[in-house]
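Hi,

Here is the structure I promised to pass on.

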Amino acid sequence: MFSKILIANRGEIAVRVIRSCRSLGIQSVAVHSEADSASLHVRESDNAVDLGAGPASENYLNIDRIIAAALETGAEAIHPGYGFLSENAVFARAVVDAGLAFIGPSPEAISTMGEKVAARAVAVAAEVPLAPGSKNAITGAGDVIDFGAEHGYPILVKASAGGGGRGMRLVESEAQAEEAVAAAVREATAAFGNGEVYLERYLTSARHVEVQVFADKLGNTVYVGDRDCSVQRRHQKLIEESPAPGLSPELRASMGAAAVRLAQHVGYAGAGTVEFLVEGENFYFLEMNTRIQVEHPVTEMVHGVDLIAEQIRVAAGEELSIRDRLTPHGAAIEARINAEDVAGGRFLPAPGLIEELTPPEGEGLRFDAGYHSGDEVLPFYDSLIGKLIAYGPDRETALARLEDGLERLVVRGVPTTVPASLQVVRHEDFQSARFTTRWLEETVDFSDEPEDEPLARNEVEVGGRFYIIPQFSDRPGANTSTVAAVAAAPMDEAAAGGQRPRSTRARGKGKASDGSVKAPMQGTIIKVNVEEGQAVTTGDILFVLEAMKMENPIQAPAAGIVGPIHAGVGDSMAAGTLLTQLVLEGAN
């Protein structure tokens with residue numbers, strides 16, 4: 001067994017790995033960017049190494065620096081977590097070549113299964129059902145149009161490397177092909193350093209069900225139940241649960257066996273997830289994630305296992321210890337708690353200072369977080385604060401406990417996805433397990449203002465400092481007890497560009513636009529679609545802003561003529577910065 005492990009990640013997953021290391025009596029080494037020097041994973045670790053300033057490409061994605069940190073601190077193994085370099089075969093090979101253990105599958109398995117086009121070929125060889133898709137990576141919009149003519153729409157343009165919904169675009173008509181391909185390539189390149197994309201027929205009434213596989217280096221391969229991850233927006237999961245509700249025993253067994261065949265075909269070792277689309281009693285291979293998943297806690301809860309600890313044991317050469325815990329008991333449901341503004345269904349990243357974070361306590365509740373009160377959600381990384389997991393002897397109990405936990409979870413300082421999660425778990429469709437991957441975006445209406453949430457926050461300057469004044473609703477039963485000025489979140493000076501901190505947008509309904517188009521959050525302009533003097537209509541995409549590893553289209557609030565443009569590609573924008581002013585139709 002290892003005596004010291006370096007965790008090549010940050011946030012919630014880094015904290016999670018550190019705690020499993022501690023339970024095994026293993027010392028942990030954290031790595032961090034300069035901006036992350038005060039983060040929770042740094043404080044929790046036994047050792048910490050500063051990888052330097054700059055974007056993630058210069059620290060969390062810098063293979064040479066990470067391996068040097070492991071060697072300097074005497075670490076014997078590296079755990080990649082999820083995201084960043086977790087599915088990077090070059091990184092896994094470099095770790096092994098440096099004489100260290102990579103806590104994950106072999107570089108060859110990562111390369112084959114992490115590259116989605118190659119993974120589809122493996123699925124064919126392993127006799128795993130596939131939805132229609134392109135045989136190779138595509139070269140442009142023409143390939144999308146040809147594929148649509150043969151298989152119909154909608155179509156997904158998907159990144160060949162990576163996952164997590166990055167580099168993915170839905171194409172519902174020929175007219176959307178060019179922009180979808182360009183956006184997918186941009187986002188995939190930014191997230192994974194690989195802009196290769198391919199096509200897949202999008203099944204409009206499917207559920208997203210995944211199977212947890214685990215294998216050791218001695219030839220033992222098993223599947224550890226399944227999870228339903230159908231509740232998604234913008235291809236980002238919001239709610240996950242295990243076991244997937246409503247599946248027949250035959251379907252579960254068939255998917256599990258297919259996942260095992262796939263893993264065995266590539267000589268897999270470690271934890272992996274095989275994702276399927278399910279329609280009725282039919283299932284189709286989607287992709288394999290060669291790492292631990294964000295949603296792994298629901299599997300841990302129903303199987304009574306520590307998947308991170310099992311990853312470490314397997315990497316150290318031990319035999320699988322979980323083969324007697326493959327039958328699930330009860331049900332577990334997880335809600336991702338992201339720093340996002342969900343008002344009106346926008347789900348916009350909202351970095352800032354977490355003034356208070358108090359998780360709920362109670363039977364069957366677990367909260368995995370990467371932050372404590374007083375920590376800051378930085379604008380440079382993803383918006384995940386933590387995950388609230390509820391367990392029960394049955395799905396109904398788990399669901400009731402999750403709803404209760406979400407109601408009692410306290411997060412002050414940044415808006416979160418809690419209101420959206422509550423709306424989902426209270427919806428009769430979700431309670432009855434009647435949903436597909438399109439259900440959330442097509443059925444659930446987030447236009448209503450959530451109760452007990454500030455309806456507006458006004459930013460004021462007092463003595464050279466900026467403060468946020470929340471205004472609470474006076475509706476019966478709403479929280480009216482707290483109206484206080486709270487210091488605005490500090491920001492990295494380089495990222496802020498000398499600008500004042502972000503302000504949260506007012507959420508009033510029905511307010512007529514004055515034609516101003518502003519950056520909704522801090523980020524970088526990656527596309528400008530208009531020029532001065534151009535006529536636009538309501539909803540036209542004027543700019544695309546990248547923030548927290550997500551592309552965010554900025555739309556025209558009304559019809560009008562574009563005025564002077566104050567932003568160019570590559571410009572870093574503070575929240576609230578004026579990008580252009582529309583001369584509205586009918587204005588003098």
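Predicted model: local features only at pLDDT ≥ 70, side-chain atom pairs only at ≥ 80, totals over all residues.

Residues are numbered from 1 along each chain as its sequence is written, and side-chain values use heavy atoms, with hydrogens and water left out.

Let's start with strand β9, residues 207-215. Helices (H or I, at least four residues) and strands (E, at least two) are DSSP runs, numbered from the N terminus. Nine of the nine residues in β9 are buried, so the strand is largely enclosed by the rest of the structure. "Buried" is under 20% relative accessible area, with exposed over 50% and partly exposed in between (1.4 Å probe, protein chains only). In a regular strand, side chains alternate between the two faces of the sheet. Here R207, V209, V211, V213 and A215 are buried on one side, and H208, E210, Q212 and F214 are buried on the other.

What does β9 pair with? Strands pair if DSSP finds at least two bridges between them. β9 runs antiparallel to β12 (residues 270-279), with nine bridges, and antiparallel to β10 (residues 221-233), with six. A215 sits opposite G270 in β12 and opposite T221 in β10. The β9-β10 hairpin has five residues between its strands, and G219 there has a positive phi near 100 degrees.

Next, the helices α5 (residues 107-114) and α6 (residues 116-125): their axes come within 5 Å and cross at roughly 95 degrees. The axes are lines fitted to C-alpha atoms over the stretch in contact, and angles run from 0 to 180 degrees between N-to-C directions. The two helices are therefore roughly perpendicular (65 to 115 degrees). T112, M113 and G114 of α5 meet K116, A118, A119 and V122 of α6 (contact is heavy atoms within 4.5 Å).

Finally, the largest nonpolar core has 38 residues, and I239, I385, L406 and F430 have the most contacts inside it. Such a core is a set of buried Ala, Val, Leu, Ile, Met, Phe, Trp, Tyr and Cys residues joined through side-chain atoms within 4.5 Å. Its largest share, five residues, comes from α13, which spans 418-426. Apart from this core lies another of 28 residues, among them I5, Y82, L320 and I322.

Cheers

Terms used: Parallel < 35°, antiparallel > 145°, perpendicular 65-115°, else oblique.
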